[in-house]
Amino acid sequence: MSTALINARVLRGSNLLDDHCVLIDEGRIVDVVPAAAAHGPGIERIDLGGGVLLPGFIDTQVNGGGGVLFNDAPSIEAIRWIGRAHRRFGTTGFMPTLISTDLEVVAQAIRATRGAIAAGVPG
């Protein structure tokens, strides 16, 4: 089943489009079309209540979030927790980073980041 995200201003390039929707199929955006085109069998319509729909943010320096500092807890669970805290602000991807520290913490952070990627931790 396809999904149509409707009733939102859609950012496309440098323009905000009114009366358009985003079509998703198998978890991927496949098109941005006029809202009137998002009808028919096999299309689930999700109303976004007049909000603004734009791509997720990528933050290239995240030391922590949600009360967790990566230096203090260089673990997969900390990355998961930090990502969850940042997602509510629109961040969909991030680079966990450390404040200057000793090499053992750096090694733990590298192992945790590799482990989070392997485990498919969101973000």
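Two strands count as paired if DSSP finds at least two bridges between them. I noted this first, before looking up the strands of this predicted model.

Entry 1: I looked up strand 2, which covers residues 15-25, and its link to strand 3. Six bridges join the two strands, and they run antiparallel. Within this pair I found Leu23 standing opposite Asp31 of strand 3. I recalled that strands of a sheet pair through backbone hydrogen bonds, in either a parallel or an antiparallel way.

**Entry 2: the largest pocket.** I next looked up the largest pocket and recorded a volume of about 200 Å³. Its lining includes Leu5, Val10 and Leu11, and I also listed Val22, Ile24, Ile29 and Val32 among the lining residues. Leu53, Leu54, Pro55 and Gly56 belong to the lining as well.

Which elements give two or more residues to this lining? I found strand 1 (2-12), strand 2 and strand 3. Strand 1 gives the most, with three residues.

Finally, I sorted the lining of the largest pocket by class. I recorded ten nonpolar residues, one polar residue and no charged residues. Gly56 is in the lining, and Gly counts as polar in this scheme.

Definitions and conventions: Residues numbered from 1 in each chain as written. Predicted model: local features only at pLDDT ≥ 70, side-chain atom pairs only at ≥ 80, totals over all residues. Heavy atoms only, no water. Helix = DSSP H or I, 4+ residues; strand = E, 2+ residues; numbered from the N terminus. 1 Å grid on protein atoms, 1.4 Å probe; cavity = no way out; pocket = protein on both sides within 12 Å on 5 of 7 lines; lining within 4 Å. Points joined across faces, edges and corners; volume = space filled by probe spheres on them.
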